[in-house]
Amino acid sequence: MKLVLLGTGGYFPTTRRHTACFLLPEVGVVLDAGSGMCRVGEHLQTTRLDVFLTHAHLDHIAGLTYLINVVPKHVLKQTTVHGDAAKLAAVRDHLFAEPIFPVPPPFRFEPLAASCQLPDRGTLTHFPLPHPGGSIGYRLDWPGHSLAYVTDTTASASADYVERIRGVDLLLHEAYFANDANNLPAVTGHSSLLHVAQVAAAAAVGRLVLVHVDPRFDDDGRYDLDAARRVFANTQIGTDCIELTF
Ligand SMILES: [Zn+2]
Ligand SMILES: [Zn+2]
């Protein structure tokens, strides 16, 4: 199964990174609708699209307004945006309010069920994550391969979600902060690198790819990957437009 990282930055887009958006092109699944959504049409291989939102902060939803331009009309007609019911209502009532976006959303909104069937015998499940206003983590399983996506939460090896992502082949996890300076991860509801590596080790995942990284720096050198790899060896920083296989 292929995964294309369309947006690996946190909070605002830069010349190097768009904000959160991840595409499984073979099955038409998108995780989060940040500004990376502008790239979805370049990679999509299906005639329908299912978008799963973690929450409704702007860096995860702004790309919903791009869909009209970036996917063909026949795909748009079969596009469904899934998420927490209250957050979907907020997106519909505010992001798509006429003074902000003059065209009604040309896709369906559907509150998340406990689990969701995906093409090719896949199953998606989800779990709550602590974050201001709340976020949702996702786990996607197919026979023989699996993926988890955890963003906008404070990583901890003792967090409840660790059991939910146990043993996945690929973990996409946010790491907005390089370290815990000034207690910023806990204060802002985000994660720091070493704690994310500890989560990956505790959950015995196969591979860790860091996303939703701090966009304010133009290189990744301030992330001490050597230290992270001493905790969890198979760690890398995600970059926009790379394709991963899991
Ligand atoms: Zn975010
Ligand atoms: Zn957020």
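Predicted model: local features only at pLDDT ≥ 70, side-chain atom pairs only at ≥ 80, totals over all residues.
Colleague: Which atoms coordinate the zinc ion (ligand 1), and what makes them donors?

Modeller: The zinc ion (ligand 1) is coordinated by Asp59 (OD), His60 (NE2), Asp152 (OD) and His212 (NE2), at 2.1 to 2.4 Å. Donors are N, O and S atoms within 2.8 Å of the metal (3.2 Å for Na, K and Ca), and water is not among the atoms, so sites may look incomplete. Residues are numbered from 1 along each chain as its sequence is written, while chains are lettered from A and ligands numbered from 1 in the order in which they are written.

Colleague: Why is the site of the zinc ion (ligand 1) called irregular?

Modeller: Its four donor atoms make angles of 90 to 163°. Four donors are tetrahedral if all angles lie between 85 and 135 degrees; four are square planar and six octahedral if opposite donors are over 155 degrees apart and all others between 65 and 115; anything else is irregular.

Colleague: What coordinates the zinc ion (ligand 2)?

Modeller: That's His55 (NE2), His57 (ND1), His131 (NE2) and Asp152 (OD), at 2.2 to 2.3 Å. Asp152 bridges the zinc ion (ligand 2) and the zinc ion (ligand 1), which lie 3.7 Å apart.

Colleague: How do you know whether His60 and Asp152 are buried or exposed?

Modeller: Buried means under 20% relative accessible area, exposed over 50%, and partly exposed in between (1.4 Å probe, protein chains only). By that rule, both His60 and Asp152 are buried, as are both His55 and His131.

Colleague: Which residues line the largest pocket, and what makes it a pocket?

Modeller: On a 1 Å grid over the protein atoms alone, a pocket is an open set of points with protein on both sides within 12 Å along at least five of seven lines, a cavity is a set where a 1.4 Å probe fits but cannot get out, and lining residues have an atom within 4 Å of a point. The lining of the largest pocket includes His57, Asp59, His131, Asp152 and His212. About 160 Å³ of space lies in this pocket. There is also one cavity of 30 Å³ or more, and its lining includes His55.

Colleague: Why is the pair of Phe96 and Phe107 called edge-to-face?

Modeller: Rings of Phe, Tyr and Trp (its six-membered ring) pair if their centres lie within 6.5 Å; planes under 30 degrees apart are stacked, over 60 edge-to-face and the rest tilted. Phe96 and Phe107 sit 5.7 Å centre to centre with 80° between the planes, so they pass on both counts. Both residues are buried.

Colleague: What about Tyr176 and Phe177?

Modeller: Their ring centres are 5.0 Å apart and their planes at 70°, so that pair is edge-to-face. Tyr176 and Phe177 are buried. The count comes to nine aromatic pairs, and ring pairs link Phe96, Phe101, Phe107 and Phe109 into a cluster.

How values were computed. Heavy atoms only, no water. Points joined across faces, edges and corners; volume = space filled by probe spheres on them.
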